[in-house]
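Please open the structure in a viewer and keep the selection panel at hand. The stops below proceed from the whole chain to single side chains.

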Amino acid sequence: MLVPGFPLINAVSDMVKGYATTGITRWTVATMLSAATCGGILLATSVWNVWGWR
């Protein structure tokens with residue numbers, strides 16, 4: 001579940017097959033996973049002061 005590509009591919013596949021509810025659900029999970037990953041990277045870089053900001 002750390003790679004959002006698989007749920008995104010499955011979401012598109014489900015939408016094409018006509019399973020709209022499952023496709024939207026998988027798309028939402030992949031979006032939340034991507035947002036959480038980006039937020040975690042930003043938090044970690046700000047905690048360790050990677051960019052040199054004060």
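The tour begins with the conventions and then moves to the selections.

This is a predicted model, in which local features need pLDDT of at least 70 and side-chain atom pairs count only at pLDDT 80 or more, while totals for chains, interfaces and linings use all residues. Residues are numbered from 1 along each chain as its sequence is written, and side-chain values use heavy atoms, with hydrogens and water left out.

Of its 54 residues, 13% count as buried (under 20% relative accessible area; exposed is over 50%, partly exposed in between, with a 1.4 Å probe and protein chains only). The accessible surface of the chain is about 4400 Å², and 73% of that belongs to carbon and sulfur atoms (Shrake-Rupley method, 1.4 Å probe; for residues, only the protein chains shown count as cover).

Next, select Asp14 and Arg26. Their side chains form a salt bridge at 3.1 Å, N to O (a side-chain nitrogen of Lys or Arg within 4 Å of a carboxyl oxygen of Asp or Glu). Because Asp14 lies in helix H1 (residues 5-17) and Arg26 in helix H2, the pair ties together parts twelve residues apart in sequence. Asp14 is buried, at 9% relative accessible area, whereas Arg26 is partly exposed, at 34%.

Finally, select Leu43, Val47, Trp48 and Val50, which make a nonpolar surface patch of about 490 Å² (residues with over 30% relative accessible area and no salt bridge, nonpolar side chains being joined within 5 Å and like charges within 9 Å). Val50 is in the segment after helix H2 (20-47) and is exposed, with a relative accessible area of 53%.

Methods. Helix = DSSP H or I, 4+ residues; strand = E, 2+ residues; numbered from the N terminus.
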